[in-house]
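Look over the structure below before reading on.

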Amino acid sequence: MTSPTPVTFTTGPVPSQSLASGAAGIALLHIERALAGRGSWADAHTLIRQAATGAIDGGDHAGLYHGVPAVAFTLHTADADGRSRYAQALATLDQHVTRLALRRLTAANDRIDAGEYARFSEYDLFYGLVGIGALLRVRHPGSDTFADVLRYLVRLTLPLRHDGVELPGWWVPHDPDPALPTPGGHANLGMAHGAAGILALLALAARDGHAVEGQDEAIRRLIGWFETWRQDSPDGPWWPQWLTRSMLRTGRPTQQAPGRPSWCYGSTGIVRALQLAALATGDTARQRTAEQALPALLTGRNLARISEAGLCHGMAGLYQTVSRVALDSTDPALHRRLPELAAALAHHDEQSELSDEGLLTGRAGVRLALESTRHAAPPHSGWDTCLLIT
């Protein structure tokens, strides 16, 4: 199977190049099945060609979930068995990812130097430098560019002072969602857009042996935020989805009860980030604390808060994250919960009427998690590295 060539570039969005909802993400399911011997490479290649044929979006808005980095990630998973099916295209894409990362890093560091606030699009997993860093970690972990991403993330964890108030360095002036106003901005704690994603990438890099000056201190600084804002309840530990100015002032969350224990914003993703941080720093006490938190929060009432099947907000993301925590844990309680969670995922899949075929909230993501329920080993393609849980 040959690389989709030639590779040309544009600076405008191309829907098929969305890892969240387009062919780039849907292809991951068929790649995983082909690598496992349960699917056709022809089906995988058809979707890869949909994502990678024609001009690929290399604009400054591109990130892990769209454009050049998204297509590069998809082709990378297809070569997970070392067969180099797409080596030529990947070599070209890698050059463009590096150029994109350097442009984005220059803008981000200039913003920090100017004392201005960050935005999700600068740093988050979907479109920001955390996501680009996640790709560089698997493509070019020893590169100067990846080291520069880590240095930027270390800077991002340093506190800011605005109007006499000390704020987390990843504070953003905008709302997490137009329907959820946070006057004065907020500091997000989730995996998709917040501190858990920053912590996970710093920890994964350190665990791989890639560290820059200040990285260990940055990891511990982020752990401190999560330890400060951990809330305990009969349904296990939980964290507010974000911190507002009023919460920082009072030291108390306005959120009164746990939210859904999802991958993107919920306690499940945060626990995985904390476990990775403990593994990276060799802190066995914090590792146990994180691993014991997960079965404690998987109560019937919490699981009932999961109302959909998908990866981002639903049972597929919860199952995939818990399975990754379990693979790194010696706690048998986690392993014992996996069959129950697999059954819950299958039930959600049977009950759902998904019109979205995509990875993040649609059918492809659910099917990938169902593939994981069939065996105890990690995915053949490593597709879930795009979730920063491994």
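Arg139 and Asp94 form a salt bridge in this predicted model, with 2.7 Å between the closest N and O atoms. Arg139 lies in helix H6, residues 129-139. Asp94 lies in helix H4. The pair therefore ties together parts that are 45 residues apart in sequence. How covered are the two partners? Arg139 is partly exposed, at 22% relative accessibility. The cut-off for buried is under 20%, so Asp94, with a relative accessible area of 9%, counts as buried.

Helix H4 takes part in another pairing. Arg103 forms a salt bridge with Asp60. Their closest N and O atoms are 2.6 Å apart. Arg103 lies in H4, residues 87-113. Asp60 is in the loop between strand S2 (55-57) and helix H3 (68-78). Arg103 is partly exposed, at 38% relative accessibility. Asp60 is partly exposed too, with a relative accessible area of 45%.

| Salt bridge | N to O distance |
|---|---|
| Arg103 and Asp60 | 2.6 Å |
| Arg139 and Asp94 | 2.7 Å |

How many salt bridges does the whole structure hold? A search finds 23. Side chains of opposite charge can pair when their charged atoms come close. Some salt bridges share partners: Arg33, Arg38, Glu371 and Arg374 are joined into one network this way.

Glu371 leads on to helix H16. Glu371 is one of the buried residues of H16. The helix is mostly covered, with eight of its eleven residues buried. Besides Glu371, the buried residues are Ala364, Gly365, Val366, Leu368, Ala369, Leu370 and Ser372. What do they pack against? Their partners are helix H1 (23-35), H14 and helix H15 (332-351).

Arg260 sits in the loop between helix H10 (245-250) and helix H11 (267-281). Arg260 counts as partly exposed because its relative accessibility is 32%. Which residues does Arg260 touch, leaving out those up to four places away in sequence? They are Gly266, Arg305, Ile306, Glu308 and His313. His313 is 53 residues from Arg260 along the chain, yet their C-alpha atoms are separated by 7.9 Å.

Arg301 is found in helix H13, residues 300-304. At 52% relative accessibility, Arg301 is exposed, because the cut-off for that class is over 50%. Arg301 touches Pro234 and Asp235, again leaving out residues up to four places away in sequence. The C-alpha atoms of Arg301 and Pro258 are separated by 10.0 Å. Those two residues, Arg301 and Pro258, are 43 residues apart along the chain.

How values were computed:
Residues numbered from 1 in each chain as written. Predicted model: local features only at pLDDT ≥ 70, side-chain atom pairs only at ≥ 80, totals over all residues. Heavy atoms only, no water. Helix = DSSP H or I, 4+ residues; strand = E, 2+ residues; numbered from the N terminus. Buried < 20%, exposed > 50% of the residue type's maximum accessible area, 1.4 Å probe, protein only. Contact = heavy atoms within 4.5 Å. Salt bridge = Lys/Arg side-chain N within 4 Å of Asp/Glu carboxyl O.
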